[in-house]
Amino acid sequence: MRYLPKSPADRAQMMREIGCKSIDDLFAPIPAEYRLNRDLKVPRQMAESEIIDYFHSRADANAAGYALFLGAGAYHHYRPVVIDAMVSRGEFLTSYTPYQAEIAQGTLQAIFEFQTMVCELTGMEVANASMYDGSTGAAEAMLMAVRLTGRKAAVVARSVHPEYREVMHTYTQHQGLPITECGYLGNGRVDMADLEKKITSDTACVLIQSPNFFGTIEDVAVVADLVHRKGALLVVSIAEALSLGIVKPPVEADIVSMETQSFGVPLGYGGPYAGVMATKEKFVRQIPGRLVGETKDKDGKRGFVLTLSTREQHIRREKATSNICTNQALIATMATIYLTIYGREGLKELAGQNLAKATYASGEFAKKGKVLFAGAPRFNEFVVQTKDDPQAINQRLLEKKMIGGFPLRWHYPELGNASLWCCTELNSKEQIDAAVKAVGQ
Amino acid sequence: MSDKDIKKATRHVNQNEGLIFERSSPGKKAYRLAPLDVPEVDYKKALGATSRANLGNMPEVSEMEIIRHFTRLSTWNYAIDLGMYPLGSCTMKYNARVNEVVARFPGLANAHPYQPAEVSQGAMRVMKILSECLLDITGMDAITLQPAAGAHGEMTGILLMHAYLQSKGNPRKKILIPDSAHGTNPATAAICGYAVENLKSNSRGMVDVSALAAQMNENVAGLMLTNPNTLGIFEQEIHKIADILHEKGGLLYMDGANMNALVGKTRPGDFGVDVMHLNLHKTFSTPHGGGGPGSGPVACKKILEPFLPKPVIVERADGTLAFDYDRPKSVGRVRMFYGNFGMHVRALAYTLANGPDGLRQTTEDAVLNANYIRKKLEGDYHLPYQSPSMHEVVFSDSIQEQKGVKTGDIAKRLIDYGFHPYTVSFPLVVHGAIMIEPTESESVEELDLLVDAMKAIAREAEEDPELVKNAPHTTRVKRLDETGAARKPVLRWKPAAKSAGE
């Protein structure tokens, strides 16, 4: 086997030194009746060339060269080549969690830069080293709010990504934490009157998403004002982080949970992505996950370490702020490189292009049919209502090598024949015009 | 210091590099966008009060500086690609490059999770084939690939147990966890609403079966067991353990962190395990990336299948694959979409590169390597448990501690010898633990270098303890002030003059 650096003579020599006659002597602790005496039923050993062919065949059975109009929590943005050139370096790719700080300063400094950039983007004071993704991060933010307030209930906007809401239910089902949902208005924003009714003296937090699942940008300041008057915390979830290039950061929130996939992370059929949690400094001891902090070595030289680990499972065990251990460090590093490439001006310019594409596309769709939720600003997604079933429309589009919007009926039956469309800098005017034409047929 | 003993490493030039923010200056750029082919939109007008004033202290640098910055940072890391990483329970094995190449094929890397099933058959097939391989490797009946990491898999598995017991009328109150367990186990039980009850090990470093029998009752949902356990010892009375749990209606959860000791040699499903997770970033060689991403598939017996997270992949009559969301008994989703798919691709590539013979040889080599190290070091370091070792061996610092040298000091000194340290102070059942897992990826030469280094350090601890206690001596930073870092946390960079943001 080509990954194993031993000759048969090496093995024989080692066994002699250990004093065992056959390799199976070393497996003697396994009771005989449980030893596997056959080959595993897995495909036979393949040459590298065969592995390449095998995955080419799999990749070819997926869409390639299609115009993509899907967003809904996973966004297609251009990935500068520098990202993979850097994260493919073995020193990033094949290093462990940086517990041994003296020989892990590269990862630690990169994550410290990540934490800083997330603070700059979100307007929060501290950020952690990453969560699994936006959905689990949102669930953990909710649990954090419960610890901070001592209250045991939560309100979630229905305009939060449906799968995020499902994950929240899974995480909280045995915590005695009832979750109620609050509706949305005709402009796509949170229904404030409904929200006011839903918040009780038990409400630990209200969780909204902005831009929300319909692409609508929430008025975070107004929501925060109501939530804080009721003594609860506001959690803002961000699924399309590129919006922060032009959208005001949710500075009024107490906790921000963000998915960073838009920052140079491949769509990859849904993962790996990286979530991140950011909050106020005064709440830092309740944040889940790893944190990198600046410190000095014995000679006074600047360096970085994992810190405040008494919150974490390996120290606090069942009293930890979360059970998370492995996070998404390499993906956070990708995001850091992406954010460095576009930087202060590029993120604004790029987000502006996304806004322009979606504005053009929604305008074109509106000429032929109905675009819902007018009256509040949007970023790069919008909801189109059609006469035909979106599934049937998408079948039509597929034949023209286009992947249409995300049908909403399943999660939002009240919207009828509606689907969620996304346009990014990668959708050309030509593609958009073709899609509008095909949908209108 | 006695540089003559250090065979593996030499000192080399190491570039200094500040934070990226310290390189920034207005007007530098590392990007250029394609021209906009639709009318420009004034975002301040379009977004009104929700528009952003500026992007604060986000950096402005050129592409050349970015390459130098991240390349320089990378050289400050130790990595498997540089040498042995003997971290116990972490299974730091070789991460094959072909895995990285195939995961980046556009058809896989650019697939949107909501693209229609008819243009996602390739991705679903990868998940299906990997699932089938993992089921035979574990001896289980059903599987989900959705969990994003090991601890996430633990949570999923305990939720399955909870749902199953609930369906039988009583989810029960407690989970038993051995004192040698990973910290994620008790933290997971707590998230799933269970109280944790500690289970003591016996003098052989295994579960005390009579204590288990005494503690097991109708209030206990089950046991979370790592096997081989964190001492690297196979739980020889595994079936007795399973029987005791099953007799009282409980379930056996296996933490699969140490599966690298078992693949192709024995199957948890055959020795009584009801549900377990695998760490694809350990046993199945997906890269650790400085802390993640991982992937933690959960495999279970038939009785738990109805409760698996949704969706699950099903094969239709015509041979095509689809996601089944109609799972009324499901515990729900544990993550959006389908899990860390990119890791599924890599794990399958690893499995194909090995085949049945390679997987078995891998396990044998991993166990052989650990026993070789044990044999070579048992005179120099105290071995607290005499039971046979599987894929890892745990020593203690009790000999060296007599001179005031502790496991953490020995670990730091190992850095000077060109190695990443072993796992320090874990498992908690061994005072001053030195936990070594070589994996199958090390040659005899590399193992001998580690043995020589550990022996040299044992001598130094005897003759010049201060040398060891002040290590490392050759790194770009010396021991860092962790207490100071925690007392006054500095968790982000700030510009000297004005405050950040808006």
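Helices (H or I, at least four residues) and strands (E, at least two) are DSSP runs here, numbered from the N terminus. Residues are numbered from 1 along each chain as its sequence is written, with chains lettered from A and ligands numbered from 1 in the order in which they are written. The model is predicted, so local features need pLDDT of at least 70 and side-chain atom pairs count only at pLDDT 80 or more, while totals for chains, interfaces and linings use all residues.

## Where the chains meet

Let's start with the contact between the chains. Two residues are in contact if their C-beta atoms, placed from the backbone, lie within 7 Å. On that basis, chain A contributes 163 residues and chain B 169 residues. On the side of chain A that touches chain B, helix α11 (residues 329–368) of chain A supplies the largest share, 24 residues. That side of chain A divides into 79 nonpolar, 47 polar and 37 charged residues. For this count, Ala, Val, Leu, Ile, Met, Phe, Trp, Tyr, Cys and Pro are nonpolar, Asp, Glu, Lys and Arg are charged, and the others, Gly among them, are polar.

## Two open sheets

Next come the sheets, where two strands pair if DSSP finds at least two bridges between them. In chain A, four strands form an open antiparallel sheet in the order β11-β12-β15-β14. Its edges are β11 (370–371) and β14 (406–407) of chain A, and each has a single partner strand, so one side of each lacks a neighbour in the sheet. Two bridges link β11(A) to β12 (residues 381–385) of chain A in the antiparallel sense. Val371(A) has Val384(A) of β12(A) as its bridge partner. Helix α11(A) lies across β11, β12 and β15 (418–422) of chain A, at about 10° to β12(A). Angles run from 0 to 180 degrees between N-to-C directions, and axes are lines fitted to C-alpha atoms, for helices over the stretch in contact.

Chain B has an open sheet of seven strands with mixed pairing, in the order β1-β7-β6-β5-β4-β2-β3. Its edge strands, β1 (142–144) and β3 (195–199) of chain B, each pair on one side only. From one strand to the next, the twist averages 25°. Helix α6 (residues 150–167) of chain B packs on this sheet, where it touches β1, β2, β4 (220–226), β5 (251–256), β6 (275–278) and β7 (298–300) of chain B. The direction of α6(B) makes about 165° with that of β6(B). Strand β2 (residues 174–178) of chain B pairs with β3(B) in the parallel sense over five bridges, and Ile177(B) stands opposite Asn198(B) in β3(B).

## Two helices of chain A with buried faces

A residue is buried if 20 or more other C-beta atoms lie within 10 Å of its own, exposed if 12 or fewer, and partly exposed in between, with C-beta atoms placed from the backbone. In α12 of chain A, the buried residues are Pro390(A), Ile393(A), Asn394(A) and Leu397(A). They fall within an arc of 100° seen down the axis, so they line one face of α12(A); the arc is that of the directions from the helix axis to the C-beta atoms. Ala392(A) and Glu399(A) are exposed on the other side of α12(A). The cover over the buried residues of α12(A) includes β13, β14, β15 and α13 of chain A.

Helix α13 (residues 429–440) of chain A has Gln431(A), Ile432(A), Ala435(A), Val436(A) and Val439(A) buried. These cover an arc of only 130° around the axis, which puts them on the same side of α13(A). Exposed Glu430(A) and Lys437(A) sit on the face turned away from that side. The buried residues of α13(A) pack against β1 (67–68), α11, α12 (390–399) and β13 (402–403) of chain A.

## Backbone angles to check

Most residues other than glycine have a negative phi, and most peptide bonds are trans. Here are some exceptions.

| Site | Backbone angle |
|---|---|
| Ala72(A) | phi near 55° |
| Leu308(A) | phi about 50° |
| Lys401(A) | phi about 60° |
| Ser210(A)–Pro211(A), cis | omega about -10° |
| Ala471(B)–Pro472(B), cis | omega about 0° |

Ala72(A) is in the loop between β1 and α3 (81–87) of chain A, and it is buried, with 25 other C-beta atoms within 10 Å. Leu308(A), in the loop between β10 (302–306) and α10 (313–316) of chain A, is buried with 20. Pro211(A) lies in the loop between β5 (203–209) and α9 (220–229) of chain A, and Pro472(B) in the loop between α14 (465–469) and α15 (482–487) of chain B.
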